[in-house]
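Here are my notes on the model, jotted down as numbered points. Have it open while you read, starting with the ligands.

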Amino acid sequence: MKQIHNFINGEFVATAKSFDKFSPLDNALIATVHEAGKAEVDAAVAAARAALNGPWGRMTVAERVDLLNAVADGINKRFDDFLAAECADTGKPRSLASHIDIPRGAANFKVFADVIKSVPTEFFEMATPDGRGALNYAVRRPVGVVGVICPWNLPLLLMTWKVGPALACGNTVVVKPSEETPQTATLLGEVMNEVGMPKGVYNVVHGFGPGSAGEFVTTHPGVNAITFTGETRTGAAIMKAASDGARPVSLEMGGKNPAIVFADCDFDAAIEGTMRSVFANCGQVCLGTERVYVERPIFDRFVEALKRGAEGLRLGRPEDAATGLGPLISQEHKRKVLSYYDKARALGATVVTGGGVPDMPGELANGAWVQPTIWTGLDDSSPIAREEIFGPCTLIQPFDAEDEVIRRANDTEYGLACSVWTKDLARAHRVAGQIEAGLVWVNSWFLRDLRTPFGGSKQSGIGREGGVHSLEFYTELKNVCIKL
Ligand SMILES: NC(=O)c1ccc[n+]([C@@H]2O[C@H](COP(=O)([O-])OP(=O)(O)OC[C@H]3O[C@@H](n4cnc5c(N)ncnc54)[C@H](O)[C@@H]3O)[C@@H](O)[C@H]2O)c1
Ligand SMILES: O=C/C=C/C=C(\O)C(=O)O
């Protein structure tokens, strides 16, 4: 059986305790994961601290930038290994992981290497009563050892989205990947060694949340800051843990993202974009659309077209080029998503398509498959319109007026992302300005320029990462005042 080890101080570390990793495709056992206990987390934090006080901390920005670029190249060199590992853990289509997950894993190092070598800080010349004046300038210093707690939906992408800027800023990291997706974070350890990254800069500890590696990292007094992506409830628990020692947190959390489709939109583009935003990664994208508001004149046509699209999706193995939809991440998540499918039916939803478990051939019948699903006929008060499901499903509702749809789109505790589809850019601008979310896409979805601020408002997040915004979290800005 494949063994997945912790990566501590440049070494692959086995432990006595382990847990099983099952394939989402067919529930077969695919790996044994070595679980880090308190001792391993202590060792990882100590290694990270030593690297910070040692060779890594002494490097110039230019030297760090060269290493980060080498990591990006190292990921690309081993592209097929990363692709195989990511698809094995998640079951997602290769066509998706090869276009999004793995290239972004490399890009997340390149972009922050570029940011860090070109970002200026501020300078103020100041008058003083003695006429001699003073100079103020700001310098950025790393925050220290950063705890990185990751989810399972885009494992390499979301982990490197944090590790890239953390390292660019001169920090060291202790990464806790999701227990569902341990492989690519461990593989990145091999790349770190291949490119000559100093030992202890990048550490990986495996395990769960409470009572396991996740808790041990977030409560560790040697961890100076914690960056987290995952569920809102977990983020709140991590914020509590971080309050011991008053340590900063960056939280990217859940969503219940609306799409607003006006009758004057480019219809085909709106369908194509909404298909992706609802079904990509089997609906397991934090930015995914779980509520679609369609202006009444095109409502029936839109529902029909999305239904056709959903029914055209081929469920299958990652390596099959025709596969449009993989399984959910786990049996547990399948149970959760199916509970919403049942709830929708019980609440009287019209099930436009799907709503159950597909017939899968052979051993795939044991996998975490669910049907792509579209509902109509429920209103905004229904749990289907309010709670994050994180599956390949969406509720479509009609609307009649711009003010009305803005109010309804905002009627949620979440505030991550929204897509607006219209050819009227004045309207798009007006609507985007009033949407309570960290991200608004007009006539697109998940179109990412990595220099831009990324994050959620309301219950969807605290803080922004991306481009120079990541520096706010991963560095301490220090003012030096020189009296002349
Ligand atoms: N806003 C974003 O950018 C974004 C991106 C991706 C996913 N998400 C959200 O992530 C969720 C899906 O991911 P998930 O199910 O892996 O999330 P999760 O919150 O269950 O787990 C995330 C990570 O936290 C760890 N963890 C759990 N409890 C912990 C605790 N008490 N202390 C420390 N660590 C703990 C887990 O082991 C895992 O590594 C969805 O809600 C989705 O919306 C948000
Ligand atoms: O599932 C959530 C997707 C998040 C995407 C990013 O964090 C990103 O594109 O940087």
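1. Start with Cys286: one of its backbone N or O atoms sits 2.8 Å from an oxygen atom of ligand 2. Taken alone, ligand 2 exposes 300 Å², and the protein buries 100% of that (areas by the Shrake-Rupley method with a 1.4 Å probe; for residues, only the protein chains shown count as cover).

2. A word on what we're looking at: this is a predicted model, where local features need pLDDT of at least 70 and side-chain atom pairs count only at pLDDT 80 or more, while totals for chains, interfaces and linings use all residues. Residues are numbered from 1 along each chain as its sequence is written, chains are lettered from A and ligands numbered from 1 in the order in which they are written, and side-chain values use heavy atoms, with hydrogens and water left out.

3. Back to the shell of ligand 2. The residues around it include Leu154, Leu157, Leu158, Trp161, Phe446 and Phe454, where being near a molecule or strand means having a heavy atom within 4 Å of it. Which helix gives the largest share of that shell? It is α7 (residues 155–168), with three residues. Helices (H or I, at least four residues) and strands (E, at least two) are DSSP runs, numbered from the N terminus.

4. Ligand 1 has 30 residues around it, and the closest are Cys150, Lys176, Thr234, Met253 and Glu388. An N or O atom in the Lys176 side chain is 2.7 Å from an oxygen atom of ligand 1. Ligand 1 exposes 850 Å² when taken alone, of which the protein buries 91%.

5. Have a look at β8 (residues 145–149). Five of its five residues are buried, so the strand is largely enclosed by the rest of the structure (buried is under 20% relative accessible area, exposed over 50%, partly exposed in between, with a 1.4 Å probe and protein chains only). Both faces are covered, with Val145, Gly147 and Ile149 on one side and Val146 and Val148 on the other. β8 pairs with β9 (residues 172–176) in the parallel sense over five bridges, and Gly147 stands opposite Val174 in β9. Two strands pair if DSSP finds at least two bridges between them.

6. There is also an open sheet of three strands, in the order β6-β7-β23, with antiparallel pairing. β6 (123–126) and β23 (475–483) are the edge strands, each with a single partner, so one side of each has no neighbour in the sheet. The twist averages 25° from one strand to the next (axes are lines fitted to C-alpha atoms, for helices over the stretch in contact, and angles run from 0 to 180 degrees between N-to-C directions). Nine bridges join β7 (residues 134–142) to β23, and Tyr137 stands opposite Val480 in β23.

7. Helix α4 (residues 79–90) checks out on length: at 1.5 Å a residue its twelve residues should span 16 Å, and its end C-alpha atoms are 16 Å apart, which agrees. The expected span is 1.5 Å times one less than the number of residues. Its buried residues include Phe79, Phe82 and Leu83, but also Glu86 and Asp89. Gly91 follows α4, with a positive phi near 75°.

8. Two asparagines deserve a glance. Asn9 has a positive phi of about 55° although it is not a glycine; this residue lies in the loop between β2 (6–8) and β3 (11–13) and counts as partly exposed at 33% relative accessibility. Asn281 also has a positive phi of about 55°. Is Asn281 buried or exposed? Asn281 is buried, with a relative accessible area of 7%, in the loop between α11 (267–279) and β14 (289–295).

9. Lastly, Val41 in helix α1 (residues 38–53) counts as buried at 1% relative accessibility. The C-alpha atoms of Val41 and Phe216 are separated by 6.6 Å, with the two residues 175 apart along the chain.

Definitions and conventions. A polar contact is a pair of N or O atoms within 3.5 Å; within protein, one must be able to donate a hydrogen and the other to accept it, and residues adjacent in sequence count only if both atoms are side-chain atoms.
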